[in-house]
Amino acid sequence: MIDKSEASFVQSLCMGQILEELIVPFPEVRKAEKETLEQVLAAVDQLLAGREKEFREWDVKGEMPAAFLEELRSFGLFGLIVPEEFGGMGFGTMAYSRVLQQIARHDGSVALTVGAHSSIGMRGLLLFGTDEQKRRWLPKLATGEMIAAFCLTEPGAGSDAAAVRTTAVRDGNDWILNGEKLWITNGGIAQFYTVFAKTPAPGDGGKAQMTAFVVTSDLPGVSHGPHEDKMGIRASNTTTVRFEDVRLSGDHVLGGVGKGFKAAMKILNSGRTGLGGGCVGGMKALLGLSTKQAKERKQFGRPISDFGLIKQKVGQMTVDAYAAESVVTMVSGLIDQGYQDYAVEAAISKVFATEALWRGADEALQIAGGNGYMREYPYEKVVRDARINRIFEGTNDILRLFIALSAVNRAAAQLKDVASSMKGVLHDPIKGFGVLSDYALKQASIRTGLVGEKRGFTLLHPALKSHAEQFEEQSREVAWAADRLLRRHGKAIVDKQFALRRLADILVDLFVLAATLSRVHAAVEAKGEAGAAQELEIVRVLSRDVRSRVRGNLRRIDVNEDETVKSVADAAFEREGFGWDVL
Ligand SMILES: Cc1cc2nc3c(=O)[nH]c(=O)nc-3n(C[C@H](O)[C@H](O)[C@H](O)COP(=O)(O)OP(=O)(O)OC[C@H]3O[C@@H](n4cnc5c(N)ncnc54)[C@H](O)[C@@H]3O)c2cc1C
């Protein structure tokens, strides 16, 4: 029986275990939601289809008209995840992610405006709000009378979110909030802000803690800066938000004093499949554009869709889109089924989907050739819009460190003493890294090395046998690799970013493959091998790519030129530039 409070497919892989029951069967949208979801998807198309010219104009202007926000409100798109009792649609994670996919097929800025509101802006209220807080704000958030924003980033606190300098100090029963937040999506159009501030620790001399607050725009001292002039998603509103002696009553604290850092991470984790869904929508839209473009464009007397290099791009885009949709849906399904420890899997879905969209946008532009570079065509806008996804809601670099360190942490945490020394070290990799005791280290290496008890796939269809076997073999190898890393680097592993990146890339590949295998298994079960022939081809291509990438990464964990690369980089830092010229 799987313990939903701590089961994690990816973290178990590093212990040589395949928790098949977590990912098979492939999750489906809840029956009760399906009909409403289909209606909402149709409404989204009704609202957004055929408006490319307007999206283009708003992109150039860098502004979304207020009248359009009104349309979003009237279609109920701000109430997607608000429970029905508070006037929303009460969608679960999978249905919500699917709606964002549909919106993103039309425009990235619209998807972000809706997504920042639900995925992160008001998510804290849903997760940690008291009944009274929910009654007070959720009805207005559901209708869009209040739009929400998530205020964490500051000039000195980006990836290092714990470094925020916004403060909230007690004044009687109230709090006084001061500080400035940077690059806040919906910052200039929101009425509801989830704000993270440093608050004094209880007692004298304690280390300041972080606390989350609800701040509404009508409070004296709340203001925002002008809309930022951005590379992409230009119509989505991004501003600074400033708090000057803002007086907050005690009932504005969200989730408890001192609980803010964990709350911020939990909000970001649970919102990640929204962003992933948006990326999948972008990829599907690109495939529609690229296939038509390539069939229409003739060169050398033939449509360019006849040429192998074009087929290679469209084939890869299709495999990427299928795999991204599989992994995003898998993570959404895990969340909907009540699994609690999905942070690593959610990070993987964000990393894979955002990078798959980026590759797809680049290839789609290439297929369009010179037209792709022209503003009258949609491709350059998609490229600009897609770039931000790898930066916000945790940069993909930081998420890779998080994925690898969390996985290693779980491997070591099998032993009690290892757990006690590792817990604080790797639990919040974003916050800071600590140390492993030598004893714990030895135990961890022996233990993880010996946890070879093989538990492979038993539920997958025989048509997937060879891919399943490859997965099992490579998952054993990754467990050994994690063990070697622990043994070799000990407490210094936290700084071995070259190695951690490789480990993360392996885990990304393996989890994406596992999610895709599960989906194709469901397709074969439903339609038979002949009916699912195309899905079988897709998983075959993915499986081959994963095999060679994982092999390469495993090999380079042991044999690499990392020190040489560092030396080359250090020399570049020293001279602050490139040191050669052919003249
Ligand atoms: C359009 C836009 C919208 C945004 N919306 C919001 C919002 O609504 N709410 C909000 O709070 N924030 C928002 N952000 C902020 C966003 O989340 C941050 O930009 C992001 O977290 C990265 O922080 P940073 O830009 O300060 O980069 P930095 O943290 O300075 O990082 C710079 C580079 O260094 C790398 N790096 C940093 N630390 C390490 C390390 N330890 N090891 C290896 N590499 C490292 C990073 O991966 C990155 O490549 C938004 C940003 C943009 C551009």
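Reply: A polar contact is a pair of N or O atoms within 3.5 Å; within protein, one must be able to donate a hydrogen and the other to accept it. The model is a predicted one.

Me: With which residue does the side chain of Asp-59 make a polar contact?
Reply: Asp-59 sits in helix α4, residues 52–61. Beyond its neighbours within four places in sequence, Asp-59 is in contact with Arg-234, Ala-235, Lys-381 and Arg-384. A polar contact between side chains, at 2.9 Å, is made with Arg-384.

Me: Is Asp-59 buried or exposed?
Reply: A residue counts as buried under 20% relative accessible area. The relative accessibility of Asp-59 is 3%, so Asp-59 is buried.

Me: How many of the residues of helix α14 are buried?
Reply: Helix α14 spans residues 379–387 and is mostly covered. Its buried residues are Tyr-379, Glu-380, Lys-381, Val-383, Arg-384, Asp-385 and Ala-386. What covers them includes α4, α7, α10, α12 and α13.

Me: Which residues is Thr-516 in contact with, leaving aside its neighbours within four places in sequence?
Reply: Thr-516 is found in helix α19. Thr-516 counts as buried because its relative accessibility is 0%. Its contacts beyond those neighbours are Tyr-322, Ala-323, Ser-326, Val-539 and Leu-542.

Me: Which element gives the most to the lining of the second largest pocket?
Reply: The second largest pocket holds about 920 Å³ of space. Its lining has 37 residues, of which Thr-153, Trp-183, Ile-391, Phe-392 and Glu-393 lie nearest the centre. The elements giving two or more residues to the lining are α7, β3, α10, α14 and α15. The one that gives the most, with 4 residues, is β3.

Me: How many residues of the lining of the second largest pocket are nonpolar?
Reply: By class, the lining has 8 polar and 8 charged residues. The nonpolar residues number 21.

Me: What is the phi of Glu-393?
Reply: Glu-393 lies in the loop between α14 and α15. At 12% relative accessibility, it is therefore buried. Most residues other than glycine have a negative phi. Glu-393 is not a glycine, yet its phi is positive, about 55°.

Me: Where does Asn-186 lie?
Reply: Asn-186 also has a positive phi, near 70°, in a residue other than glycine. Asn-186 is buried because its relative accessible area is 0%. Its place is the loop between β3 and β4.

Me: What is the omega of the peptide bond that joins Val-24 and Pro-25?
Reply: Pro-25 lies in the loop between α2 and α3. Most peptide bonds are trans. The bond joining Val-24 and Pro-25 is cis, with an omega of about 5°.

Me: How far apart in space are Thr-273 and Glu-180, C-alpha to C-alpha?
Reply: Thr-273 lies in helix α10 and is buried, since its relative accessible area is 1%. In sequence, Thr-273 and Glu-180 are 93 residues apart. In space, C-alpha to C-alpha, they are 28 Å apart.

Me: How far apart in space are Ala-197 and Asn-371, C-alpha to C-alpha?
Reply: Ala-197 is in strand β4 and counts as buried because its relative accessibility is 0%. Among the residues that Ala-197 touches are Val-164, Leu-177 and Phe-213. Ala-197 and Asn-371 are 174 residues apart in sequence, and their distance in space, C-alpha to C-alpha, is 47 Å.

Note on methods. Residues numbered from 1 in each chain as written. Predicted model: local features only at pLDDT ≥ 70, side-chain atom pairs only at ≥ 80, totals over all residues. Heavy atoms only, no water. Buried < 20%, exposed > 50% of the residue type's maximum accessible area, 1.4 Å probe, protein only. Contact = heavy atoms within 4.5 Å. 1 Å grid on protein atoms, 1.4 Å probe; cavity = no way out; pocket = protein on both sides within 12 Å on 5 of 7 lines; lining within 4 Å. Points joined across faces, edges and corners; volume = space filled by probe spheres on them. Nonpolar A, V, L, I, M, F, W, Y, C, P; charged D, E, K, R; others polar.
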